[in-house]
Structures are given as C-alpha cells and as structure tokens.
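I opened this notebook to record what I looked up, one entry at a time, for a reader who is new to the structure.

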Amino acid sequence: LQNSSNLYRTCKSTSDLHFSDNNKNSVIPVIDMLDPKAKFLMTKACEEFGFFKIVNHGVSDDTMINLERDAVKFFDLPQCDKDKAGSASPYGYGNKRIGSNGDVGWVEYILLAVNDGLVSEKSVTIPGTPHLFWYALNEYVAAVRNIACVVLEKMADGLKIEPKNVLSRMLKDEKSDSCFRVNHYPPCTEIEAYLKGGRNFIGFGEHTDPQVISVIRSNNTTGLQISLKDGTWVSVPPDEHSFFIIVGDSLQVLTNGRFKSVKHRVLANSVKSRLSMIYFGGPPLNEKILPLSSLMEEGEESLYKEFTWHEYKKSTYMTKLSADRLGLFEKN
Ligand code: GA4
C-alpha cells in the first residue's frame, strides 16, 4: 500500500505544484514560505489536496526537539503514572480510546485545551516536576499558532480576499477555541498478523479535522496517510524539520467548498515509535461558520446551513471518528 508507485505516477500529473523534496515520487505539495508565489501555491494545494508541507517556516529545531524530548519522557513513564495524568474526556491522557463513541487505535496521547494562546494546565496533570514540559509546550504552541496565522493570511491573499486577517483573526482571538495534541504510536507487535490478513493496523482512524486549520509535525517515523479526491490513500513521507498543514471542515465551509478538508489517518508501524504533535486552530465558540462574503461570487449561494463553531463542535463530539460530519450541515 505504502509504495504503490503506479498510484503516485497517476496522481502526479494532476497538478503542477512542487512535490515532496525528500521523496521525489510523493504527490504531497511542498511550499517554501519564502517563495513569493507561496500564497497561490497554497490555494492550489488546498483546492487539490487540502494538505501541504511547508519549509523555510522559521521555527527552530530546538523548539521542536525540546517538546519532543519531554513528550518521549512522559510516554516512557510507567502506565500507572500516566493514568494519574487524568483521563481524556476530552482533555487529558488517553490510551487506545479516541473520543467517547467507541473508536480505538494503537495510540496513546495527551489532548490539551489552548486558551488565549496558552496551553491549559488544567487539562492534564504531568507527574514529577513538569515546569520544563509546560515551558516547552507553550513555546511550541506559540510558534505553531503563529505559523497557522501566517499561512491563513497567505491563503486569504491567494484567494484575493480582504481583510487579510479575515481567517487568522479567529485563531488570534482571545476566545479562540483551539487545542493541542501529542500522539505516541508505540511499535505495534501484533501488526504482522493483520497485514497477513490483508488489513491495515490502525494507529488513528480516518477522519477530517473539524477546526479551521491544523499544523502537524512528527518525528521521522512513517504512518500518516491522506486520502486523495478519488479515495486512494497516499503515505506522507515524514520530515521532522517541516510542518504539514491540514485544511479543516470549518475552512471548507468558510471557502464555500473551494478548499477541501482532507481525510487522513495513521497506520501503526511494527518497528519504530511515531510521535506527532498537532495544533488545531479553532474559532471562538460563538463564531458563525459561513462562507466569507468577500469570496462569494454574484448569485453564489452557501452550500451549507448556517451554524456556529459551538454547534458544529457539539455535533462533532457526538459522532464516530470516520463520520461525514459536514454532511449533516450541507444544504440539500
Ligand atoms: C479529530 C481532530 C482532533 O484530534 C480532535 C478529535 C476529537 C477527540 O479526540 O476527542 C474527536 C475527533 C477529533 C472528531 C470526532 C470526535 C471528536 C474524537 C471523536 C471521535 C481533538 C477534534 O477536535 O476532533
């Protein structure tokens, strides 16, 4: 599945974007943040894939590595210590169970609320002397929130809409309802039996992200896959120095379907641990999620019913991971 070169070949011809530099066969667009054309390449990538990788983003390796080191230390703790961190409902430490509707995966994680740009220490209890962990978390989250805002401003520019902060202001708002997740996928010893049966062993099941935008960074272990428009899954070559941008459901609605929220999943790995950290940039709870008026052409109608982020979030948490959440809000 991961190395289907035919699949890559067919997909490559669909776009003239640049492709992943460390894997010439990958379809994943790579965008240099310093490239003057970045804004147009981003809109193109969002329309075609809902996903792209950014390089030359200006965040230091130290900011990433410091958090990774502390996260590895946390996940290395004995299970009983991790369990004391407080079970994920939804914030806290979670093991195998994802959400509250029966989804499971070969993953353990910490899910944290981000309030006014700061990670909420109420979300989880880190054992020992966690000051450095909190420091590393906040430094990292500040950096990726900034990246998310810069990317959203370039997208607005690429879409030729005003004001330029029409999207980024939702994340900068002190009431922005954002969150942060650190996922640990331990090597999976049961994987061989599954692969023999022709099935994938799931780390994190397929889903779209409900928020506006997500920024993901992982260590150098494979696993992340995105679904193309035709439903084929492609593996994302890992790159610990870069960030990957994910278009969320809310951004799909804000652009009246021009940008696609991307279905993605993580497959378990039999040998190496995968560690990923994801910032989910969400709007304030009372924000109306509806197509941006400056983007609508004359006579164009919204494809979606009107709803607030709070309404969408509430509905999201009642669904299974793989549900077509946005479907419920589409106009017939
Ligand atoms: C997917 C994106 C984020 O990780 C998340 C997830 C949330 C959770 O883990 O509690 C959800 C999932 C996510 C969407 C459907 C519901 C809620 C698990 C689940 C089955 C934190 C989010 O905001 O939505």
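In what order do the four strands of the open sheet stand? I read the order as 7-12-9-10, with antiparallel pairing. I took helices (H or I, at least four residues) and strands (E, at least two) as DSSP runs numbered from the N terminus, and I count two strands as paired if DSSP finds at least two bridges between them.

Before going on, I note that this is a predicted model, in which local features need pLDDT of at least 70, side-chain atom pairs count only at pLDDT 80 or more, and totals for chains, interfaces and linings use all residues. Residues are numbered from 1 along each chain as its sequence is written.

Strand 7 (residues 202–207) is joined to strand 12 by three bridges and runs antiparallel to it, and here Ile 202 is opposite Leu 267 of strand 12. Strand 12 also pairs with strand 9 (residues 224–227), again antiparallel and over three bridges, with Ile 226 as the bridge partner of His 264 in strand 12. Strand 9 in turn is joined by three bridges to strand 10, antiparallel to it, and Ser 227 is opposite Trp 233 of strand 10.

**Strand 12.** Are the faces of strand 12 (residues 264–267) covered or open? Both are covered, since I find His 264 and Val 266 buried on one side and Arg 265 and Leu 267 buried on the other; buried requires 20 or more other C-beta atoms within 10 Å of the residue's own, with C-beta atoms placed from the backbone.

**Two helices.** Helix 2 (residues 38–48) packs against helix 5 (residues 131–158) at an angle of about 90°, their axes being 8 Å apart. I therefore call helix 2 roughly perpendicular to helix 5, a term for angles of 65 to 115 degrees.

**The ligand.** I find 17 residues around the ligand, the closest being Pro 90, Gly 99, Asp 103, Asp 209 and Leu 321; a residue is near if its C-beta atom, placed from the backbone, lies within 6 Å. Strand 4 (103–115) and strand 6 (178–185) are the elements that give two or more residues to this shell.

Terms used
Buried ≥ 20, exposed ≤ 12 C-beta atoms within 10 Å, placed from the backbone. Axes fitted to C-alpha atoms, helices over the stretch in contact; angles between N-to-C directions. Parallel < 35°, antiparallel > 145°, perpendicular 65-115°, else oblique.
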